[in-house]
Amino acid sequence: MAEQEHKIVIDKSKSIKLQKLSEKPLNTFTEEVASAAGKPETGSAAALVAALAPALGSLAASLAGIDPEGEHKNLVLELNEMRKYMLKQVDEIPRSRAPLMKRLAENADGLHLESAARVACSIPNEIVYLMCRCMELLDALEPLCRAEDKPTIQAAVYLCLAVISVMRGQIALYATYMQDASFQYVVKREAELNVQEHQALIDSLLEKTTV
C-alpha cells in the first residue's frame, strides 16, 4: 500500500506578524527606547530623527508651493525617498548591531569582534553620508522658499547635524572593538571627512535660514 501523503496546512489567519519598530506608534516606540529591556537603542532613535530631517525639507517645499511634478521634481522626490529610506534604518540598525552584541555576550575573540564591529559601522557611516546629502538638498531648496518658511529648513539642518553627531559616536564606539588600527582610523575618518567637506555649506545654510 502506498504511503499516504501528509500535507501541512498553515492557517494564515492565525500567523503572527512581528511588528517593525518603524511601524509602532510613537508613544510605544519612545517608551521602548526609554526601557533597557526594549529593542530600540541609540541608533534606532537617531534613524527616526534622520527621517524627520528630509520630511521637514518636504514640508518647506510644500509651503513654497513647489510642484512635485514640475521643474524641481527630482529635489522633492529625493527628499521623500530619503525619508522613507531612513524609516527602514530604524529597523536595520539593530540588525546590523546584533552580531556584535552576540559576540560580546559570547566573549568572542578579537577577530570575531572585529568582523562584527565592521558590520555595525556600515549603516552609521551611510547615514552620515545621507545626512550630508540631505543638507545639499536643503541648500538647493532654500532659495525657493519664503522667508517665513526658512526656519523649517534650519530645523532640518540641525536635525541632520544631531544625527551625524550620534552616528559618529556610534562609529567611534564600535571601532574600539577593532584590532586593525588602520581600518579603525579609516572607518572614523570617513565620517569626519564627509562633515569637513560640507562645513562651508552648513555654515552658509544656517546663516541664510536665520531670521
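This is a predicted model: local features need pLDDT of at least 70, side-chain atom pairs count only at pLDDT 80 or more; totals for chains, interfaces and linings use all residues.

Me: OK, so how many disulfides does a search of the whole structure find?
Reply: The search finds zero disulfides.

Me: What about C134, which cysteine sulfur is nearest to it?
Reply: That would be the sulfur of C160, 3.7 Å away.

Me: Is C134 buried or exposed?
Reply: C134 is buried, because its relative accessibility is 0%. C160 also has 0% relative accessibility, so C160 counts as buried too.

Me: Switching to the core: how many residues are in the largest nonpolar one?
Reply: It has 53 residues, and M131, L138 and L141 have the most contacts inside it.

Me: Which helices supply at least two residues each?
Reply: α2 (42-63), α3 (73-105), α4 (110-141), α5 (150-175) and α6 (181-208) do. The largest share is from α4, with 16 residues.

Me: What does M131 touch?
Reply: Leaving out residues up to four places away in sequence, M131 touches A50, A53, M82, M86, C160, V163 and I164.

Me: New topic, rings. How many aromatic pairs does a search of the whole structure find?
Reply: Zero aromatic pairs turn up.

Me: And what lies over the face of F183?
Reply: R118 does, at 3.7 Å from the ring centre.

Definitions and conventions
Residues are numbered from 1 along each chain as its sequence is written. Side-chain values use heavy atoms; hydrogens and water are left out. Rings of Phe, Tyr and Trp (its six-membered ring) pair if their centres lie within 6.5 Å; planes under 30 degrees apart count as stacked, over 60 as edge-to-face and the rest as tilted. A charge sits over a ring if NZ of Lys or CZ of Arg is within 6 Å of the ring centre and within 35 degrees of the ring normal. A nonpolar core is a set of buried Ala, Val, Leu, Ile, Met, Phe, Trp, Tyr and Cys residues joined through side-chain atoms within 4.5 Å. Buried means under 20% relative accessible area, exposed over 50%, partly exposed in between (1.4 Å probe, protein chains only). Helices (H or I, at least four residues) and strands (E, at least two) are DSSP runs, numbered from the N terminus. Contact means heavy atoms within 4.5 Å. A disulfide is a pair of cysteine sulfur atoms within 2.5 Å.
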